[in-house]
Amino acid sequence: MRETHAHRLAIAALSLAAAGCSPRDTAAPAQRIRMRPLEAPLAPMAAEPFVSALPGDGLALSWLQREADSTTVTLHVAVRDSSGAWSETRDIVHATNLFVNWADFPSVVALADGRLLAHWLQKNGTGKYSYDIRLAASADLGKTWTDAVLPHEAGVAAEHGFVTLLPRADSSADIVFLNGSPAPARPATGASGAAEGHGPPMRLAQAQWRGAGAVAAPTILDERTCDCCQTAAALTDRGPVVLYRDRSEAEQRDISVIRQVDGRWTAPVPLHADGWIIDACPVNGPAIAAQGSRVAAAWFTGAKDTARVQVAFSADAGATFGPPVRIDGGSPAGRVDIELLESGDAVVTWIERTGAGAAEVRARLVSPAQGAEPPLTIAALGPGRGSGFPRMARRRRDIILAWTAPGDTSRIRLAELTVAPR
């Protein structure tokens, strides 16, 4: 059999050589992602951007603006309509006690009734890691905002952050976050309970913003999580799916999945058994996108001493995921985001290290059937904290990407990504 198979391969090779190979036979796959820079109403010293889609092809862009005194910070929002015109910059909160962190950034999303819902972090005491999550809504596209409320117990000097706002069809929204409020006392297990010097272990919590602005008391979804990795959530046709970096007693920190099924939250299960043991927080959370029952997830891992960015797909609303596809260039810093297209393909972004003190924002198209297409370099930047976390939002036919270009005066950049048909 081997000789016969080799003989056939040789004949095929000779036939191709005789016929001549066309460029299509040897050329690399065509790049289907196209990028177009966008203008935005941003001044210097702007960072921590977040973008979200609005009804009718609109876009909301939020960011933090540091004032000249280096203490006062303003959370801004601007709205872009379907014609591409930007509103004036509008203030959500302006204070000297905002908790500003390169990895734990505010967000603004659109609710089903057209209102905007914003979250930010605000200090609640003198401790370095004592801060609350605050929520406010706007019925006039950011011109005015309601009084802020908390999705957790007030007056607790602890960490609360890494929030995901997930709008629902009834104009409510799930608030998924890491809750540092102490858990009720329980018998010692013999394992360390300290959370990397910040206090008690962080817990994964979910609260709900109601239509009138009331917030339901939080439900604890996991009693022990990684301390400073972003959460992610998406709404499928069977309910919400939540991703987060878990934390076992043995310090295994893989990504876990929790779903809400028939009104009840499931127990966490691994997204994929990476087996990453690390006695510290990698500050690298997952990303997720969903349409109907289709789900796409992206995450960073350093398991087996190999940094990787991986993408996996689910066809059953997150109940199970297929094998992961590695999409990085060999030296990723992570900081992933992902959006799912109508075609079923996903666009994933991440930061790739390219040398000492150098990195790039990259994007790549990934298909559940055909794997990853060639990567596209979006921009060069440094790999440090100043470059933050690039964020995406999908509109009907395109994707808007925002990232921070650090330097003497940080600036936020915007680009529109479109994908050509296969």
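The legends below describe close-up views of a predicted model. Local features are described where pLDDT is at least 70, side-chain atom pairs count only at pLDDT 80 or more, and totals for chains, interfaces and linings use all residues. Residues are numbered from 1 along each chain as its sequence is written, and side-chain values use heavy atoms, with hydrogens and water left out.

View 1. Met35 is found in strand β1 (residues 33-38), where helices (H or I, at least four residues) and strands (E, at least two) are DSSP runs numbered from the N terminus. With neighbours within four places in sequence left aside, Met35 is in contact (heavy atoms within 4.5 Å) with Leu376, Ile378, Ala415, Glu416 and Leu417. The C-alpha atoms of Met35 and Glu416 are separated by 5.6 Å, although these residues are 381 residues apart along the chain. Met35 counts as partly exposed, at 35% relative accessibility; here buried means under 20% relative accessible area, exposed over 50%, and partly exposed in between (1.4 Å probe, protein chains only).

**View 2. Two loop residues with positive phi.** Ser70, a residue other than glycine, has a positive phi near 65°, and its place is in the loop between β3 (58-66) and β4 (73-80). Val283, also other than glycine, has a positive phi near 50° and sits in the loop between β17 (269-270) and β18 (287-291). Ser70 is exposed, with a relative accessible area of 64%, whereas Val283 is buried, with 17%.

View 3. Side chains of opposite charge can pair when their charged atoms come close. A salt bridge is a side-chain nitrogen of Lys or Arg within 4 Å of a carboxyl oxygen of Asp or Glu, and by this rule the count comes to 20 salt bridges. In one of them, Arg224 and Glu251 meet at 3.7 Å, N to O. Arg224 lies in strand β12 (residues 215-225) and Glu251 in the loop between β14 (239-245) and β15 (255-261), so the pair ties together parts that are 27 residues apart in sequence.

**View 4. The salt bridge of Asp345 and Arg422.** The side chains of Asp345 and Arg422 meet in a salt bridge at 2.9 Å, N to O. Asp345 lies in the loop between β22 (332-340) and β23 (346-355) and Arg422 in the segment after β29 (411-419), so the pair ties together parts that are 77 residues apart in sequence. Asp345 is buried, with a relative accessible area of 6%, while Arg422 is exposed, with 55%.
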